[in-house]
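Here is a short briefing on one protein model.

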Amino acid sequence: MVGPGPRFRAARLIVVAVFAASCGGAGATPASPSQSTPAPTIAAAILPSPTISIPPPNSCTSANGLPDRLCTPGATNPDVTQATITITICVTAYAAQIRPAATYTNSLKIDHMRAYGYAAEAPGDFEEDHLIALELGGDPRDPKNLWPERLTGGSGALQKDRVENWTHDEVCAGRMQLADAQRRMAANWVELYNAMLVTIATPQPTSVPAAEPTIATGASAAIPSPTPAPVLSVSISASRYALVSATTLAGASCNAQAKLPSGSMSSAQGLIPTKIAIGSGSVSWSYTTVSRTTPGTGTHTVTCVLGGVTRNASAPFTVQ
């Protein structure tokens with residue numbers, strides 16, 4: 001019997017090869033990239049950086065100087081603990097070193113003003129403030145620790161600056177625990193402010209040696225020495241471009257000046273009025289600014305007069 005010819009054998013070999021490839025045999029060619037699942041790469045495993053979450057417009061409310069607890073609960077800096085305060089917040093100029101750039105906070109302020117329903121108001125009337133202050137270990141950039149706080153008013157940023165400074169001193173002096181200060185500041189800084197006023201007004205007990213008894217001679221009796229009047233002093237509690245706040249004796253008549261980085265004195269209307277210090281001794285000025293001001297460091301000076309005595313204090317501010 002004559003065997004199959006060369007053409008028949010060639011055709012049979014082609015059919016066998018095609019069948020083997022379709023069954024995934026060892027001799028099959030690799031599947032095309034579109035038919036297989038590629039192995040994950042290192043780049044694919046890298047997650048994108050988290051985006052800043054801003055509450056929707058008009059979804060937050062502020063009452064009595066306090067932020068919305070859901071929108072602004074506060075956030076702390078993990079690098080600042082009770083064990084590290086001596087190398088962080090209690091170091092001079094610590095807050096200035098970690099304070100975020102104005103370009104970041106100004107942009108965030110506009111977004112937060114929309115969230116708090118302040119979109120129609122002037123941004124210059126607000127400060128994008130840290131609920132837990134940087135000098136108390138607050139997180140510098142977390143939006144949950146920042147909110148648009150009014151500069152002036154019954155419970156404004158100037159009052160909060162004062163209680164922040166006082167609380168910082170209490171923590172660094174060991175009279176208050178860091179965690180307690182952070183909790184009270186985040187929960188209700190106005191209550192903490194009122195507690196500060198009570199503490200300041202309460203005289204601290206001192207040890208006085210017993211006086212020798214006196215004996216009246218004749219008709220004259222011992223006359224107690226008059227209590228000395230409080231000494232007038234001035235200290236600046238807040239100094240920023242557009243505002244300055246000071247503490248002095250209640251009833252003192254005070255004036256403020258702002259020497260700009262260029263060396264000239266600011267002629268802003270808000271600095272012109274003479275202010276009378278209120279019962280707590282606070283006095284403050286807020287004034288308008290212009291974008292063409294020379295960047296650099298300026299100086300605020302507050303001068304107060306009471307009972308013929310004049311005192312003043314100065315503090316720097318930065319124009320960016």
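Is Glu127 buried or exposed? Glu127 counts as buried, because its relative accessibility is 12% and buried means under 20% relative accessible area, exposed over 50%, and partly exposed in between (1.4 Å probe, protein chains only). This is a predicted model: local features need pLDDT of at least 70, side-chain atom pairs count only at pLDDT 80 or more, and totals for chains, interfaces and linings use all residues. Residues are numbered from 1 along each chain as its sequence is written, and side-chain values use heavy atoms, with hydrogens and water left out.

**Glu127 and its surroundings**

- Glu127 sits in strand S1, residues 126-130. Strands (E, at least two residues) and helices (H or I, at least four) are DSSP runs, numbered from the N terminus.
- The Glu127 side chain makes a polar contact with the side chain of Arg240, at 3.4 Å. Such a contact is a pair of N or O atoms within 3.5 Å; within protein, one must be able to donate a hydrogen and the other to accept it, and residues adjacent in sequence count only if both atoms are side-chain atoms.
- Not counting residues up to four places away in sequence, Glu127 touches Lys109, Trp147, Pro148, Glu149, Leu151, Ala157, Arg240 and Leu243. Contact here means heavy atoms within 4.5 Å.

- Helix H5 covers residues 157-172. Its 16 residues should span 22 Å at 1.5 Å a residue, and the end C-alpha atoms are 22 Å apart, which agrees. The expected span is 1.5 Å times one less than the number of residues.
- Of the 16 residues of H5, 13 are buried, so the helix is largely enclosed by the rest of the structure.
- Asp161 lies in H5. Asp161 is buried, with a relative accessible area of 3%.
- Leaving aside neighbours within four places in sequence, Asp161 is in contact with Ser237, Ala238 and Arg240. Arg240 is also among the residues that Glu127 touches.
- Just after H5, Gly174 takes a positive phi of about 85°.

**Disulfides: overview**

- The count comes to three disulfides. The rule is a pair of cysteine sulfur atoms within 2.5 Å.
- With the bonded cysteines of the protein chain numbered in sequence order, the pairing is 1-2, 3-4, 5-6.

**Cys60 to Cys71**

- The S to S distance of Cys60 and Cys71 is 2.1 Å. The torsion about their S-S bond is about -95°, so this disulfide is left-handed.
- Cys60 and Cys71 both lie in the loop between helix H2 (42-45) and helix H3 (94-98), so the pair ties together parts that are eleven residues apart in sequence.
- Cys60 is buried at 3% relative accessibility. Cys71 is buried at 16%.

**Cys90 to Cys172**

- Cys90 and Cys172 are joined with an S to S distance of 2.0 Å. Their link is left-handed, with -100° about the S-S bond.
- This pair links distant parts of the chain, 82 residues apart: Cys90 is in the loop between H2 and H3, and Cys172 is in helix H5.
- Cys90 is partly exposed at 29% relative accessibility. Cys172 is partly exposed at 32%.

**Cys254 to Cys304**

- The sulfur atoms of Cys254 and Cys304 are 2.1 Å apart. Their link is right-handed, with 110° about the S-S bond.
- This pair links distant parts of the chain, 50 residues apart: Cys254 is in strand S5 (residues 253-259), and Cys304 is in strand S8 (residues 296-306).
- Cys254 is buried at 0% relative accessible area. Cys304 is buried at 0% relative accessibility.
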